[in-house]
Amino acid sequence: MPGNGDREHRHRSVLPFRAVPAEVRLLRRAAVAQLGRWGVSQAAGETELVVTELATNVIKHVGEGASATLVLEREGERLRVEVHDKSPSAPSLSPAGCDDECGRGLHLLAAVAANWGTVLTAVGKSVWCEITLAPERSCRRTERAAAVLENYRTLPNVAPEGRLRDADLQASAVELIADLLHWAAAGGHDPEDVLDQAQMHYEAEEGMAA
């Protein structure tokens, strides 16, 4: 990347949705996929939790089927998650008892987020949360990928005994690909271009073997 300023790390994604349970699940997946494209998958767990709570609150307090919008914005070491709806009624954080579901949800947001609040808009409100990113986890992925690339062509032959199960190998492969994409992004490359080139190599080799 051409520099280290916050502006060069600013990304924004706007995802309109309908406040129904099925769309909340899709919205959660879309948010996690977007974080992956930005190279900040380490925040996926917290983001899923925040997106689920904010979108579910729209269903509960605005109405099922209401139109709303999820906005994700990454700037520097902060990820801002906003949900916009057309109701001016703002949630409030109050002491929550064991049976107070709404109160528990807001207290959960307060515990997960670095900061959160509500802003009235021209057509309703926006409830927002900020999540602190952990860049060191991304750096560890980059270092692991670099180590694999440096030793890839000189790896010794591995004996067949003691192999992992296919499911474990697949999980490891997914982690390796994620590490390599972090390495590509850290080096100023476009991860999507890297994936496209890998796919082209794969298809070409498969065509030659057919």
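## Basis of the model

The model is predicted, so local features are given only at pLDDT of at least 70 and side-chain atom pairs only at pLDDT 80 or more, while totals for chains, interfaces and linings use all residues. Residues are numbered from 1 along each chain as its sequence is written, and side-chain values use heavy atoms, with hydrogens and water left out.

## Overall make-up

The protein chain contains six helices and five strands. Helices (H or I, at least four residues) and strands (E, at least two) are DSSP runs, numbered from the N terminus. Along the sequence they follow the pattern β-α-α-β-β-α-β-β-α-α-α.

Of the 210 residues in the protein chain, 31% count as buried. Buried means under 20% relative accessible area, exposed means over 50%, and partly exposed lies in between (1.4 Å probe, protein chains only). A contact means heavy atoms within 4.5 Å. Among contacts in the protein chain with a separation of 6 or more, 68% are between residues 24 or more positions apart.

## The sheet

The five strands form an open sheet in the order β1-β2-β3-β5-β4, with antiparallel pairing. Two strands pair if DSSP finds at least two bridges between them. The edges are β1 (11-18) and β4 (115-120), each of which pairs on one side only. Direction ignored, neighbouring strands of this sheet are turned by 15° against each other on average. Angles run from 0 to 180 degrees between N-to-C directions, and axes are lines fitted to C-alpha atoms, for helices over the stretch in contact.

Strand β2 (residues 67-75) and strand β3 (residues 78-85) pair in the antiparallel sense over seven bridges. Within this pair, E73 has R80 of β3 as its bridge partner. On to the next neighbour: β3 and β5 also run antiparallel and are joined by eight bridges. Here L79 stands opposite I131 in β5.

## The β4-β5 hairpin

A hairpin joins β4 to β5 through four residues. The two strands pair in the antiparallel sense over six bridges. In β5, C129 is the bridge partner of W116, and S126 stands opposite V119. β5 is mostly covered, with seven of its eight residues buried.

G117 lies in strand β4. It counts as buried because its relative accessibility is 14%. Leaving aside residues up to four places away in sequence, G117 touches S126, V127 and W128. The C-alpha atoms of G117 and P91 are separated by 8.9 Å, although the two residues are 26 residues apart along the chain.

## Helices α1 and α2

Helix α1 (residues 21-38) and helix α2 (residues 44-61) pack at an angle of about 150°, and their axes are 9 Å apart. The angle therefore makes α1 roughly antiparallel to α2. Angles under 35 degrees count as roughly parallel, over 145 as roughly antiparallel, 65 to 115 as roughly perpendicular and the rest as oblique. α1 passes α2 in a right-handed crossing. A crossing is right-handed if the near helix is turned clockwise from the far one by less than a right angle, and left-handed if anticlockwise.

On the α1 side, the contact is made by P21, V24, L27, R28, A31, V32 and L35; on the α2 side, by A44, T47, E48, V51, T52, A55, T56 and I59. By class, these are 10 nonpolar, three polar and two charged residues. Ala, Val, Leu, Ile, Met, Phe, Trp, Tyr, Cys and Pro count as nonpolar, Asp, Glu, Lys and Arg as charged, and the others, Gly among them, as polar.

## Helices against the sheet

To return to the strands: β2 and β3 pair over seven bridges. α1 packs on the sheet, where it touches β1, β2 and β3, and its direction makes about 170° with that of β1. α2 also packs on the sheet, touching β1, β2, β3 and β5 (125-132), and its direction makes about 15° with that of β3.

Not counting residues up to four places away in sequence, T47 touches A31, L35, L79, V81 and I131.
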